Amino acid sequence: MYNKIDLEIININGEPPKEEPARQYYYMAKCRQWVKSFEQKKGCLPRYCVVNMGCQMNARDSEKLSGILENIGYVKADGEDGDFVIYNTCTVRENANNKVYGRLGYLHGFKKKNPHMKIGLCGCMMQEPEVVKKLKKSYSFVDLIFGTHNIYKFAELLADVLETDSMVVDVWEETDKIVEELPVERKYSFKSGVNIMFGCDNFCSYCIVPYVRGRERSRNPKDILEEIKKLAEDGVVEIMLLGQNVNSYGKNLEEPISFARLLGEVQNIQGIERIRFMTSHPKDLSDELIEVMKNSPKVCRHLHLPLQSGSTRILKEMNRRYTKEQYLELVDKVRDAIEDISITTDIIVGFPGETEEDFLETMDVVRRVRFDSAFTFIYSKRTGTPAANMEDQIPEDVVKDRFDRLLKEVQQIASEKAMEQNGKILPVLVEGLNEQDESLVTGRLSNNSVVHFPGGEDMIGTIQNVRLTECKGFYYMGKVIS
Ligand code: SAH
Ligand code: SF4
Ligand code: F3S
């Protein structure tokens, strides 16, 4: 565990400290006492389960929750029937929300069998007042609700939950605070996400993220580099720098610094072999960044560059602040500089007012750029966003038809692109044993494609040179070249 704290030396008899993170250490020590008495009574340690339902940023937050729980003394449960279960929610599309309500019913079943079980909900969906209202009214068996801005306060909130039988709710509208130095339990020993910024100021007209994650705040470069150095010392070889729009990193810091410069500094850190980042907004992707990517052997040959739509008219309505032509030029510029780069994207179908012509513009960009892969989404109306009030919401059957056509095209191109790499010898970071066949390991190429090949547990976390012997559409089979 990274940033593990010795809780035995903390005095919990006095008042809790006012300053952070000392205040949270105090509450962790208090929870630790509770865990000890649980152990004495039951003869075992309490079990926890953190379920991540969102993007990489949520996944990183989930690791922070697990870090605090482990530090307190909880042990990981195999399933969702633990003594403390928390869902870290996403609300970017409506179906993400529906899933939570469905799964809560299932959790309630466990709670009826184990009345001491505590259920928590946090993350982006909890930032919506309507959601909290509904939970309070119809899901009163939930014990804890908090949002994205006060996740650092988790230990303090948990201490409250352990002492009371009523629902603890603490959701903040906004924050300018970034609390460092709390424990983190990583899902993988050899790779890690690293937040470089929080929030988003772009307000794309369909998107709820700026409302639930708040204003853009960059972390100090010193703190980021320090964290990555510690991760490298702890065996991490691959990091992913995380932010909703990494290309605008550092602009609002007291001493402004560009994302490209930060990347330049990260790649000097010894032990780090691979650097990824997520997500790049096309409007802010600088020549300086392309230059750093081109010259760095550590920065992965992968750029995720969300297109959203190929129609300049729709892009304007979406408030994306680039045109179809600018996007295409940018892709050309990146490919001219970095020949072997893989470019992936996100596309939304059925934005209000999207005509067949607009959709064909998107198809045109897809065919011209030939993305290595693309996440395609059906537009989802998010209350409170400008697009939700736009006229001319597109009928479901029309959207579905466009979505199917787009998906077919995207998949066809992706498999053709994948085929181009077949036969090559490329470095693969081994991530784990293959889930279906334990004589195989699974890893990723620099361009993020998945490769399966014969190997053993001892290879996990190492980089192997692998010949891609068979292309299976979206992944490869391979063989280690010694
Ligand atoms: N900050 C990132 C995206 C975060 S959300 C960026 O700007 O690229 C991830 C993806 O979800 C977006 O790229 C978009 O394609 C999709 N998305 C966001 N809001 C959506 C909505 N209301 N309906 C459908 N898809 C949406
Ligand atoms: Fe949403 Fe746009 Fe911000 Fe991405 S850049 S999180 S799509 S508002
Ligand atoms: Fe979802 Fe929140 Fe990420 S809404 S996509 S989990 S920032």
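## The second largest pocket

On a 1 Å grid over the protein atoms alone, a pocket is an open set of points with protein on both sides within 12 Å along at least five of seven lines, and its lining residues have an atom within 4 Å of a point. Here we're looking at a predicted model, where local features need pLDDT of at least 70, side-chain atom pairs count only at pLDDT 80 or more, and totals for chains, interfaces and linings use all residues. Residues are numbered from 1 along each chain as its sequence is written, and side-chain values use heavy atoms, leaving out hydrogens and water.

The second largest pocket has 31 lining residues, with K64, I178, V179, E180 and F198 nearest its centre. Helix 2 (56–72) and helix 7 (221–233) are the elements that each give two or more residues to that lining; helices here are DSSP runs of H or I, at least four residues long, and strands are E runs of at least two, numbered from the N terminus. By type, the lining splits into 14 charged, 11 nonpolar and 6 polar residues. Charged means Asp, Glu, Lys and Arg; nonpolar means Ala, Val, Leu, Ile, Met, Phe, Trp, Tyr, Cys and Pro; the others, Gly among them, are polar.

## Around ligand 3

Which residues sit around ligand 3? They are G54, C55, N58, C90, T91, V92, C124, R213 and Q244, taking "around" as having a heavy atom within 4 Å. This shell holds 4 nonpolar, 4 polar and 1 charged residue.

## Salt bridges

Side chains of opposite charge can pair when their charged atoms come close. Counting a side-chain nitrogen of Lys or Arg within 4 Å of a carboxyl oxygen of Asp or Glu as a salt bridge, the model has 41. One network of them links R60, E63, E180, R219 and E227.

Now for some individual pairs. R32 and E8 meet at 3.4 Å, N to O. R32 is in helix 1 (residues 22–42) and E8 is in the segment before helix 1, so this bridge ties together parts 24 residues apart in sequence. R32 is partly exposed at 22% relative accessible area, and E8 is also partly exposed, at 49%; that label covers what lies between buried (under 20%) and exposed (over 50%), using a 1.4 Å probe and protein chains only.

R276 and E238 pair at 3.0 Å, N to O, linking strand 11 (residues 274–278) to strand 10 (residues 238–242) across 38 residues. Both R276 and E238 are buried.

How values were computed
Chains lettered and ligands numbered in written order. 1 Å grid on protein atoms, 1.4 Å probe; cavity = no way out; pocket = protein on both sides within 12 Å on 5 of 7 lines; lining within 4 Å.
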